[in-house]
Every structure is written in structure tokens, then in C-alpha cells.
Amino acid sequence: MSNRPYIVGNWKMHGTRAMLAEARAIDRAAERLLKVEVALAPPFTLIHATRKEANLIGIGAQDVHSADGGAHTGDISAAMVKDAGAGFTIVGHSERRANHGETNALVKEKAEAAIAAGMNVIVCVGETEEERDAGKAESAVADQLASSVPVGDGVAEKVTIAYEPVWAIGTGRTPTAEDVGAMHRHIREKLGSLYGEEGADVRILYGGSVKPDNAAELLTADDVGGALVGGASLTAESFLGIIMAAAEAHEDKS
Ligand code: PGA
């Protein structure tokens with residue numbers, strides 16, 4: 001596992017070509033911050049243009065269909081986003097699970113399709129507020145990991161996990177660093193069951209209301225390998241604040 005922090009911006013359903021200037025600025029700054037691995041997941045419509053604008057940062061998709069192609073009006077396959085310039089895709093984001101009824105089984109199929117197409121995947125897991133209040137956060141995440149994370153020979157190195165508590169996404173609320181650390185240790189243990197020794201090298205990102213002013217604290221929690229950032233990735237200014245906090249946190253750790 002690269003031990004550089006991995007900071008990924010998820011632009012969600014934001015961005016027209018006017019936003020390419022932000023991607024360019026993020027890419028330029030990333031050249032000076034090589035201690036951090038930076039990536040952006042713009043909407044499908046901007047993947048190709050963002051790839052052309054940005055030399056250094058990773059570019060990914062926010063979702064793919066589980067099939068290679070066919071009669072699926074409005075859907076996009078892994079081969080298509082790869083052809084457009086994506087090197088990875090997010091799968092199983094809680095907004096897809098909630099808004100599109102995506103099940104663990106479907107998320108796993110999507111991850112498998114992306115890996116078969118030669119891409120890396122970021123698989124999102126995270127509990128709802130009700131599950132946390134009921135003391136079921138760890139078991140909810142364990143269920144998602146067991147059923148939505150792809151397994152098999154050579155798969156672990158293609159996979160990143162993003163732990164995103166649903167109640168922290170876009171709300172400005174975050175778990176404490178202790179809670180994040182506890183969940184990441186729990187996820188690490190489950191990755192050991194899924195992948196054996198290789199599970200130790202899978203990166204685990206935290207996501208949910210990461211901002212420049214809380215990034216350092218969240219990124220230094222136990223076993224946090226980076227962040228998946230929504231709202232604060234939409235401008236170069238705030239995203240770079242997080243990337244710089246990650247660079248500093250990494251220096252303090254090493
Ligand atoms: P947020 O979103 O940073 O806006 O909370 C994170 C995500 O959904 O990946």
C-alpha cells in the first residue's frame with residue numbers, strides 16, 4: 001500500500017465545463033504536494049475533459065453499470081468511463097444505495113465489472129443514524145463489507161474502502177476522531193477476513209463533512225488512509241486546504 005494519504009474529491013451532480021478551471025488549479029497545486037495522492041471523480045460528462053486538463057491527479061467515475069454494455073438506456077459501463085479517461089470508479093455511495101435502491105449484491109457486481117475492465121474501485125460503506133443510535137454501526141458496516149466488497153485473486157490491490165457514515169454526509173456533522181478510529185480498526189479486521197494478509201494493505205478513507213478545518217484531526221485518526229470529500233472538493237481553494245492538511249498530518253505521523 002502506498003502510505004501517501006489518498007484524497008479523493010467526489011463532485012456528485014455538480015459541474016459543467018466552467019468547473020474545469022478548478023480541476024486545473026487542483027492539478028497544478030498537486031504538483032507541489034507530492035506527498036499526497038489526489039484524485040477527482042467528476043460527473044460522467046466531465047471525465048474526458050478533466051482527464052485532458054489534469055496531468056497528475058487521478059480521475060475517476062462516481063458509478064458504473066454492472067454490465068459491459070447492452071440495452072440499458074441512460075447507463076454507462078466501466079469500459080466506457082475507462083475509455084473516457086477514468087482510472088477508478090466509486091461504487092456503493094450511500095446516495096446511490098438510497099436514491100437508486102442499490103443493494104450490496106449490485107454494488108459488488110459493479111465493483112467486479114470495474115475491476116474486470118482494468119479499473120480500481122472505491123467501495124463505500126457506512127451506517128445510518130438509526131443504526132448508530134441502536135448500537136449497530138459496526139454490524140451494519142460489517143454486513144456491507146461482507147456482501148459488497150469484491151474478492152478473489154489480485155483483487156485487494158484494486159480496492160479502496162471509504163467509510164462514510166450516512167448521517168455525516170453533507171450535514172456538517174462528523175464522528176469524533178475516536179469513533180472514526182474505532183470503525184477503521186473494525187473495517188481493517190473485516191478486510192483481514194476477506195483478503196487474508198493482503199487486507200492489511202487496503203486503504204480505508206473517511207468521508208462525510210470533511211473540511212479544511214477538521215481534516216487534520218480526522219486524517220490522523222487510527223488507520224485513516226485518506227478522505228473522500230464531497231462539498232469541500234468543489235472549489236480548488238477548499239479542496240487544497242484539505243490536501244495541505246493531509247500533507248502536514250502525514251509529516252507529523254512519519
Ligand atoms: P460531503 O460528502 O463531504 O459533502 O459530506 C462526502 C461524500 O458523500 O462522499
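Modeller: Gladly! Let me begin with a pair of helices: α5 and α7 cross in the right-handed sense. Please keep in mind that this is a predicted model.

Colleague: What makes that crossing right-handed?

Modeller: A crossing is called right-handed if the near helix is turned clockwise from the far one by less than a right angle. The crossing of α5 and α7 is right-handed, and their axes cross at roughly 45°.

Colleague: Why is α5 called oblique to α7?

Modeller: Helix α5 (residues 104-116) and helix α7 (residues 137-148) have axes that come within 8 Å and cross at roughly 45°. Angles under 35 degrees would count as roughly parallel, and 65 to 115 as roughly perpendicular. The angle therefore makes α5 oblique to α7.

Colleague: Which residues meet there?

Modeller: From α5 they are N104, A105, V107 and K108, which meet D143, Q144, S147 and S148 in α7.

Colleague: Why is α9 described as roughly parallel to α10?

Modeller: Helix α9 (residues 212-219) packs on helix α10 (residues 236-253) at about 30°, and their axes are 8 Å apart. Angles under 35 degrees count as roughly parallel, so α9 is roughly parallel to α10. On the α9 side the contact is made by P212, A215, A216 and L219, and on the α10 side by S238, G241, I242, A245, A246, A249 and K253. This crossing is right-handed.

Colleague: And how do α7 and α8 pack?

Modeller: Their angle is about 35°, with the axes 10 Å apart. The contact involves A137, E138, V141, A142 and L145 of α7, together with A182, M183, H186, I187, K190 and L194 of α8.

Colleague: Now the sheet. How do you know that β1 and β8 pair?

Modeller: Two strands pair if there are at least two bridges between them. Strand β1 (residues 6-10) and strand β8 (residues 226-229) have four bridges, in the parallel sense. Eight strands close into a barrel in the order β1-β2-β3-β4-β5-β6-β7-β8, with parallel pairing.

Colleague: What does α8 touch on the sheet?

Modeller: Helix α8 (residues 177-195) touches β5 (120-125), β6 (159-163) and β7 (203-207), and its direction makes about 145° with that of β7.

Colleague: Last one: what makes you say that R203 lies over the face of Y6?

Modeller: The charge has to be within 6 Å of the ring centre and within 35 degrees of the ring normal. R203 is at 4.3 Å from the ring centre of Y6 and lies over its face.

Methods
Residues are numbered from 1 along each chain as its sequence is written. This is a predicted model: local features need pLDDT of at least 70, side-chain atom pairs count only at pLDDT 80 or more; totals for chains, interfaces and linings use all residues. Side-chain values use heavy atoms; hydrogens and water are left out. Helices (H or I, at least four residues) and strands (E, at least two) are DSSP runs, numbered from the N terminus. Contact means heavy atoms within 4.5 Å. Axes are lines fitted to C-alpha atoms, for helices over the stretch in contact, and angles run from 0 to 180 degrees between N-to-C directions. Angles under 35 degrees count as roughly parallel, over 145 as roughly antiparallel, 65 to 115 as roughly perpendicular and the rest as oblique.
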